[in-house]
Amino acid sequence: MQELLEGGGDLAWVPPSQVLNSFCTSTSTSTDAMRSTASINSFTNTTTSARPHPDPAHCVQQLRALLPSRPDIGFLRTDSDFLLRFLKVRNFQVAAAFQLLCGYYGYRQRERDLFKTTLGGAGVRACLQDGGVGVLPERDSSGSSVLVILASNCDPTKCGLLDVWGAVLLSLEKLSARGEEAGVVCVVDWSECPAKLNSELTHKSLRLVLDGTQ
């Protein structure tokens, strides 16, 4: 799965036509609502702003200087390009960006099995290839990328609920690396969900997802 995380090109692993066909036939009203969505990042709760940004290099220095204050977290990447991702989605507010960065790595430390095993498995790849999780080729009216989760496209013989979440995480990681200053909008269609996936909707699995979106 390493190739899914490297490079800054298009999301080539997503079958856009399949996602669009399934999405448009079953969620036309959701599409209208999506187009009227404000410019907001659904995963970071951050709105875009027209105000001038502070000096990015200075903000990166300030953010990097805060890292030793959390010795309990292993910050695997501290390069400027990576730190700028967090500064941009927090409008270059260093304290808020640091909190987001801590949450990013803290979640990965707590859920080591998810990131070491599930994300590299065949179930995640099947979910992406079958269109269970995908990114629409067009952006919404505010310029945000649109991540779509279609439960009806998930084959329960190939992937489980944890694989679906793993596919979402990989997609978000790719979008983050590409640079999404306008944010990401997520549209979920859980209709016609396979019974096996529904049976896996437990308190533990929902907590896993909620913790990962903070």
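Me: What percentage of the 214 residues of the protein chain count as buried?

Reply: Start with the cut-off. Buried means under 20% relative accessible area. In this predicted model, 46% of the 214 residues of the protein chain count as buried.

Me: How many helices and strands does the protein chain have?

Reply: The protein chain has 11 helices and 5 strands.

Me: Which sense does each pairing take, parallel or antiparallel?

Reply: Take the two pairs in turn. S3 and S4 (residues 145-150) pair in the antiparallel sense, over 3 bridges. S4 and S5 run parallel, joined by 6 bridges.

Me: Which residues in S4 are the bridge partners of Val133 and Gly134?

Reply: Val133 has Ile149 as its bridge partner in S4. For Gly134, the partner in S4 is Val148. On the S5 side, Val146 is bridged to Val185.

Me: How do I read the two faces of S4? Are they covered or open?

Reply: First the general idea. Side chains in a regular strand alternate between the two faces of the sheet. Now the case here. Ser145, Leu147 and Ile149 lie on one side of S4, with Val146, Val148 and Leu150 on the other. Both faces are covered, and all of these residues are buried. The count for S4 is thus 6 of its 6 residues buried.

Me: Next, helix packing. At what angle do H4 and H6 pack?

Reply: Helix H4 (residues 56-66) and helix H6 (residues 94-110) pack at about 50 degrees, and their axes are 10 Å apart. H4 and H6 are therefore oblique to each other. Their crossing is right-handed.

Me: Which residues in H4 and H6 meet?

Reply: Begin with the helix itself. An α-helix has 3.6 residues a turn, so residues three or four places apart point the same way. In this structure, H4 brings Cys59, Gln62, Leu63 and Leu66 to the contact. H6 meets them with Val94, Ala97 and Phe98. By class, the contact has 6 nonpolar residues, 1 polar and no charged ones.

Me: Is helix H5 mostly covered or mostly open?

Reply: Helix H5 (residues 80-89) is mostly covered, with 7 of its 10 residues buried. The buried set is Phe82, Leu83, Leu84, Arg85, Phe86, Leu87 and Val89. A charged residue type, Arg85, is among them.

Me: Which residues of helix H8 are buried?

Reply: In helix H8 (residues 122-129), the buried residues are Gly123, Val124, Ala126, Cys127 and Leu128.

Key. Residues are numbered from 1 along each chain as its sequence is written. This is a predicted model: local features need pLDDT of at least 70, side-chain atom pairs count only at pLDDT 80 or more; totals for chains, interfaces and linings use all residues. Side-chain values use heavy atoms; hydrogens and water are left out. Axes are lines fitted to C-alpha atoms, for helices over the stretch in contact, and angles run from 0 to 180 degrees between N-to-C directions. Helices (H or I, at least four residues) and strands (E, at least two) are DSSP runs, numbered from the N terminus. Angles under 35 degrees count as roughly parallel, over 145 as roughly antiparallel, 65 to 115 as roughly perpendicular and the rest as oblique. A crossing is left-handed if the near helix is turned anticlockwise from the far one by less than a right angle, and right-handed if clockwise. Contact means heavy atoms within 4.5 Å. Buried means under 20% relative accessible area, exposed over 50%, partly exposed in between (1.4 Å probe, protein chains only). Two strands pair if DSSP finds at least two bridges between them.
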